[in-house]
Amino acid sequence: MALNAASHNVTGDKTGPVSGQPPPPSDDTKSAILEAANGDLKGHNAPGKDGGDKAEGTKQKSEKELAKEKVKAEKAAKLAAKLEKQKALAAASQPKQKEKKQQQKLEPYVEDTPKGEKKILKPLDDEYHKAYIPSVVESAWYDWWEKEGFHLPEFDKDGEVKPAGSYVISIPPPNVTGALHIGHALATALQDAMIRWNRMKGLTVLYVPGCDHAGISTQSVVENMLYNRRNKMTRHDLGREKFVDLVWEWKEEYHMKINKVMKRLGGSMDWTREAFTMSPTLSQAVRTTFVQLHDEGLIYRGNRLINWCTKLNTALSNLEVDQKELEGATKLDVPGYDKKIEFGCIWNFKYPIDGTDETIEVATTRPETMLGDSGVAVHPSDDRYKHLIGKKVKHPFVDRLLPIFGDETVEKDFGTGAVKITPAHDFNDYKRGKEHKLEFINILTDDGFMNENAGPIFEGQKRFDVRYTVITELEKRGLYVGKADNKMAIPLCNKSKDVIEPLLKPQWWMHMKPLAEPAIEVVKNGEIKMLPEGTEKTYIRWMENIDDWCLSRQLWWGHQAPAYYVKLEDGPEYDTEPEYWICAVTEEDARQKAEKKFPGKKFELQRDPDCLDTWFSSGLWPFSTLGWPEKTHDLEKLYPTNMLETGWDILFFWVARMIFFSLKMTGKVPFHEVYCHSLIRDSEGRKMSKSLGNVIDPVDIMDGVTLKELNDKLRTGNLAPKEIERATKWQQSAFADGIDECGADALRFSLINYTTGGGDIAFDVKVMRSYRNFCNKIYQATKYVLGNLPEDFTPHQQGGKTGKESLPERWILHKMSIAARDVNQAMETRQFSNVTQALHHYWLYELCDVYIENSKSIIRDGTEEQKRSAIDTLYTALDSALRMMHPIMPFLTEELWQRLPRRPNDTTKSIVVADYPQYDASLDDPESDRAYELILGCSKGIRSLIQEYSIKDDGKAFVQPHDKEAYSTANSESQAIKTLSGKHLAELSILSPGEYPPSGCAVYPVSSTAAVFIQIGGNVQPDKEVQRLKPKLEATAKSVSEQERVIKSLSEKVGEDVRRIEERKLRDLLNEQEVFQTSLEKFEEMKL
């Protein structure tokens, strides 16, 4: 039996809904239903009747019956009408479903302005200008700025910088290896904001653009391209000259792409001064620096252990090596191997003591290196091994005897207490090998294969294959002991992810201690300031522990070392004796130096084929880009630069090197300030990585991109199928609808707003969309103002007060000046997120939501004088707002500012070179601020009550001022309060001090000076209102206690302004408490 589970009724009982049995129908309803059933044979039947028979004869009815039927029909019609009305009311009470506007997609915008000409401004009512469309707004402006020379540094007639001073930023040069990422967009946004701000303040400003040749990265990318596209061809097949020519071609293509994105982002660089680290000027700087430092003994040739990448076939500095921490046995992918290789273990084996039956047990984390062992170290006081010191062990695989020696640095209690020594393949062993004069045996080729020194069994095998074959061979000889987990760090090339191999090679090195000391001092004494807080300590700690720098890179793309080996007829072989090296800017100079050093000798010069570390040329960037070593006008007038804005992750790679190079080569600091921006992570907090698919192209945010296009991009790279699958899955969750077109302005604003000076940035594209909406708010607000300016409108000569301004006008001018003060101060102190917040607050909450709204009623209903004054103030407030926003949103502000009429005698061509708004004390008006805050507080309170009580129309509100000043303000500005309270307020009354509103009103405490009330209407429920008020009163009481505690905790050193603010907060809370208490008492009385 099927039962109605919802009603839980006993079987056999009548079944009804969960809420109980339905009410019985009324007599009228019964009659109507029965009448309908009797009258409609196709419909429901009356009880005891079926559907009837059409063929049945019709009975003639009497007049009495007909009259009765008529009455019943009228009743049925009334009931039907009643039911229809109820249905309509029910439908009206349901929330309205907003109909989605079917927006017709516009064709891509075609800009009519000829390239480089001033933009042709279209009417704001055409289909492309009705709403904010980034691609429409941002078109044409950059080409015009560039043609007009707005981005060039402006000098006085005598060639001096302008009286306001100079401001210079050299862009951290992006690698010419490919597309820019969101980190570059962040750097450009911050740097360009500073540049534009200083340019508008009247300084001589220069923003130097350029690219870095990125030796290892670029050569690696081009080599891979060559291999994949030209039938596995290598650079060696092409030869050095042709390969370098190919890289130059590739560089030109990607270089132009980078520049295009920089311009698209609005970066106001001086492209006539664009630099490249391998340009003739910068190459001359590299050669000059190298030769000078070599001649002074700071650069030297040394046969030392280096970090060698077998994948890239080059040496690396310590900074280019990542340390991967392992807790224990872990198998890792290594380039060039089909299977994973085991790391994180320590293997034990025994060496036989020569001439005895004894063995000595040693341990290693790299079994393959035992083929290069040349000694065994023990602690001289270790009783287990004292008798063995001076004896030798016999290598099991090569004809080699290894001495056992005492070394006090050996830890007796670690491992077996006996340490195998491989001086040519281990940094610690290198030092012991030098001290104890051990043999340095290299067992590896540059490609990571075993050479002849490894012995015939292993020669020709790959290094990590040998890891396993060595163990096998030791087992055969009974010398293998076993392995265990070992916590350790594996050094990886941060470019190729190959495991770094310590290798002994002659290279060029730089002594760092003499250069580091003055570089530390200029930071400690404040000549260079580093932000955010903590950066300075990190820099000093690293510089105080700096190692010598390996300069050589075994590359073809880069600055070839200006070093020549003098091969005498009867002299040593190439690169065997350091004193036979000559360094010179040109080969001719080298020849002259060699003739002087080896007079009368016959010789040949052989140039070092190696290139220099990319960071060598990058370290010269601030002064080489201004013309050094030549004494140029730029170098004389614009150096040192002002600010270096960069990522903290290259503080040591680049920033430190620029400082010590500049001090050494120019005698000056390279810049006075370093600002390190945060690392951008994705919305899940992960570091952006190509393998994760979360690297965001700023162009995709500016122009918009579909999810399919994002997925397709993954397949054009070098990702493995598994990585593509993982990345695609993430993109589908993060960008389900793709990325909307947000434009450069919204992107810049968002990135600058993220910059708090704190930790890493969790980037979310939804934030971009919200700031694109903010751009539209600015756009629509300006359209409104432009639409209300008379055709013949000419602004006043100056933008200050005339003395005829109304309270709202005085208030907005005061707020405008305060906003200018706050923005300038935040820019000055590099509180970048405070800049955007101040601008956002002024634009949205003061200009748009308040003053523009308030001005509508004045422009509509005011006198001519009031209208003119309101419009003048509207113009001033908007003009200032656009100029304030320009450094952050350059395109939108230019587009809108160009549509504003100019003040008399103002011939400023572009907002780019307009004056930046400054704080104006004459606009300070704390009285208007205090009075208008009352108006805003009242209107906010009324809106809140209207929303809380769902009042749709005929709202009636009361303002209850608590003193004469508040009454005077509210009474004179009642229309403003009503306007700002919204359309649902029909009537507003201003009560006299001491006067109370009628009973049955809800209350909202505004401040210590006023409260507002809204009349609830005829359905006042005192019990319900008491329940509403009690939690509010309790919360306010807690706030009062907390505020009293805050005031008591203020120290005597706290300024009067701070104390006054805190005391005002307490007064407001006490008033709020009193208002809620009074209202509660009134509703309690109503209950009685």
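Predicted model: local features only at pLDDT ≥ 70, side-chain atom pairs only at ≥ 80, totals over all residues.
Me: How many bridges link β5 and strand β18?

Reply: Two strands count as a pair if DSSP finds at least two bridges between them. β5 and β18 (residues 501–510) pair in the antiparallel sense. The number of bridges is 10.

Me: Why is β5 described as largely enclosed by the rest of the structure?

Reply: The label rests on burial, which means under 20% relative accessible area with a 1.4 Å probe and protein chains only; exposed is over 50%, and partly exposed lies in between. β5 covers residues 299–309, and it is largely enclosed because the buried part of its 11 residues amounts to nine.

Me: Which residue in the turn between β5 and β6 has a positive phi?

Reply: β6 (residues 314–316) is antiparallel to β5, with three bridges between them, and N307 has L316 as its bridge partner in β6. The two strands form a hairpin with four residues between them. The turn residue with a phi of about 60 degrees is N313.

Me: Which residue in β24 is the bridge partner of K567?

Reply: Start with β22 (residues 563–568), where five of the six residues are buried. It runs antiparallel to β23 (residues 581–583) over three bridges, with Y565 partnered by W581. β22 is also joined to β24 (residues 603–607) by five bridges, again antiparallel. There, K567 has as its partner E604.

Me: Is S170 buried or exposed?

Reply: S170 sits in strand β1 (residues 166–170). Apart from neighbours within four places in sequence, its contacts (heavy atoms within 4.5 Å) are V208, W621, P622, T625, T641 and L644. Its relative accessible area is 5%, so S170 counts as buried.

Me: How far apart in space are D465 and K339, C-alpha to C-alpha?

Reply: D465 belongs to helix α11 (residues 463–476), and at 28% relative accessibility it is partly exposed. Not counting residues up to four places away in sequence, D465 touches Y337 and K339. K339 is 126 residues away in sequence, but the distance in space is 9.9 Å.

Me: Which helix gives the largest share of the lining of the largest cavity?

Reply: A cavity is a set of points, on a 1 Å grid over the protein atoms alone, where a 1.4 Å probe fits but cannot get out, and its lining residues have an atom within 4 Å of a point. The whole structure holds three cavities of 30 Å³ or more, and the largest has about 70 Å³ of space. Its lining includes P997, C1001, F1013 and K1082. Supplying three residues, the biggest contributor is α32.

Me: Which helix gives the most to the lining of the second largest cavity?

Reply: That cavity holds about 60 Å³, a volume being the space filled by probe spheres set on grid points joined across faces, edges and corners. L945, E1025, R1028 and K1032 are among the residues that line it. α28 (926–948), β32 (1001–1007), α31 (1022–1049) and α32 each supply at least two lining residues. With four residues, the top contributor is α31.

Methods. Residues numbered from 1 in each chain as written. Heavy atoms only, no water. 1 Å grid on protein atoms, 1.4 Å probe; cavity = no way out; pocket = protein on both sides within 12 Å on 5 of 7 lines; lining within 4 Å.
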